[in-house]
Amino acid sequence: MTPGARRALDAAGRLFYERGIHAVGVDLIAAEAGVTKKTLYDRFGSKEQIVVEYLADRDERWRAFLAPYLEAAPAPRARILAVFEASRDWADEYSGKGCSMVNAHAEISDPAHPAYPIIIGQKAWMLALFTGFAEEVAPRGAVRLGRTLMLLHEGALVAHGLQVFPAAIDQAREDAAGLLSGTA
């Protein structure tokens, strides 16, 4: 990726996250990135493609951020709780307004939109992650446990983003730990 394209993607990501995807136009992205609209269209082709690349980049960065937390956790239960710890740290650093995928889905709910598979794919990946760990903890109830952990996690991200109450992700982690203590 060229430096100008990287600046454009970074500017688009910041603006989309802070203001919303529909509220941000290519003129503003170009101005914030210090590039021309022509550069944006030459590199990305359309605003829709900028949105796709923003969400894909955000998902890629999240997965890279999460990896060391999972690698440091010695067992499946610890890896489950590490997801919540990573989410708390990520939210504190990058997601004051909640989950970018949930926020994007509020604006992009049409399955025909090219960003839709990124949004849904990220959540499917998270569910598979929780379910995979759940299979190691409680093989007979893995699907239900994975879904419950996902609900705790996603609810915590939404509560955090809406600032419903303080330390929502920490509470979800504690609730997950309590749930896990009851598994075989």
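Keep in mind that the model is predicted. The largest nonpolar core holds 58 residues, and Phe16 and Leu40 are the ones that touch the most other members. Helix 9 packs roughly antiparallel to helix 8 and also roughly antiparallel to helix 5, while helix 5 and helix 8 run roughly parallel.

- Setting aside residues up to four places away in sequence, Phe16 touches Ile21, Val24, Ile29, Lys47, Ile50, Val51 and Tyr54.

**Helix 8 with helix 9**

- Helix 8 covers residues 142-162 and helix 9 covers residues 168-181; their axes come within 8 Å and cross at roughly 165°.
- An angle over 145 degrees counts as roughly antiparallel, so helix 8 and helix 9 fall into that class.
- The crossing of these two helices is right-handed.
- On the helix 8 side, the contact is made by Leu145, Thr148, Leu149, Leu152, Ala156, Leu157, Ala159 and His160.
- Facing them from helix 9 are Ala168, Ile169, Ala172, Asp175, Ala176, Leu179 and Leu180.
- Sorted by class, the contact of helix 8 with helix 9 has twelve nonpolar, two polar and one charged residues.

**Helix 5 with helix 9**

- Helix 5 (residues 76-94) packs on helix 9 at an angle of about 175°, with the axes 9 Å apart.
- That angle makes this pair roughly antiparallel too.
- Helix 5 brings Arg77, Ile80, Leu81, Phe84, Glu85, Ser87, Arg88 and Ala91 to the contact.
- Helix 9 answers with Ile169, Asp170, Ala172, Arg173, Ala176, Ala177 and Leu180.
- The class count for the contact of helix 5 with helix 9 is nine nonpolar, one polar and five charged residues.

**Helix 5 with helix 8**

- Here the packing angle is about 15° and the axes of helix 5 and helix 8 are 11 Å apart.
- Angles under 35 degrees count as roughly parallel, so that's the label for helix 5 and helix 8.
- Helix 5 and helix 8 also make a right-handed crossing.
- Ile80, Val83, Phe84, Ser87, Ala91 and Asp92 in helix 5 meet Leu149, Leu152, His153, Leu157 and His160 in helix 8.
- This contact of helix 5 with helix 8 splits into seven nonpolar, three polar and one charged residues.

**Met126**

- You'll find Met126 in helix 7, which runs over residues 116-137.
- Met126 has a relative accessible area of 1%, and because buried means under 20%, Met126 counts as buried.
- Leaving out neighbours within four places in sequence, Met126 is in contact with Trp62, Val83, Met150 and His153.
- Met126 and Met1 are 125 residues apart along the chain, and their C-alpha atoms are separated by 27 Å.

**Glu53**

- Apart from neighbours within four places in sequence, the contacts of Glu53 are Met1, Leu9, Arg43 and Phe44.

Methods: Residues numbered from 1 in each chain as written. Predicted model: local features only at pLDDT ≥ 70, side-chain atom pairs only at ≥ 80, totals over all residues. Heavy atoms only, no water. Core = buried A, V, L, I, M, F, W, Y, C linked by side-chain atoms within 4.5 Å. Buried < 20%, exposed > 50% of the residue type's maximum accessible area, 1.4 Å probe, protein only. Contact = heavy atoms within 4.5 Å. Axes fitted to C-alpha atoms, helices over the stretch in contact; angles between N-to-C directions. Helix = DSSP H or I, 4+ residues; strand = E, 2+ residues; numbered from the N terminus. Parallel < 35°, antiparallel > 145°, perpendicular 65-115°, else oblique. Left-handed = near helix turned anticlockwise from the far one by under 90°. Nonpolar A, V, L, I, M, F, W, Y, C, P; charged D, E, K, R; others polar.
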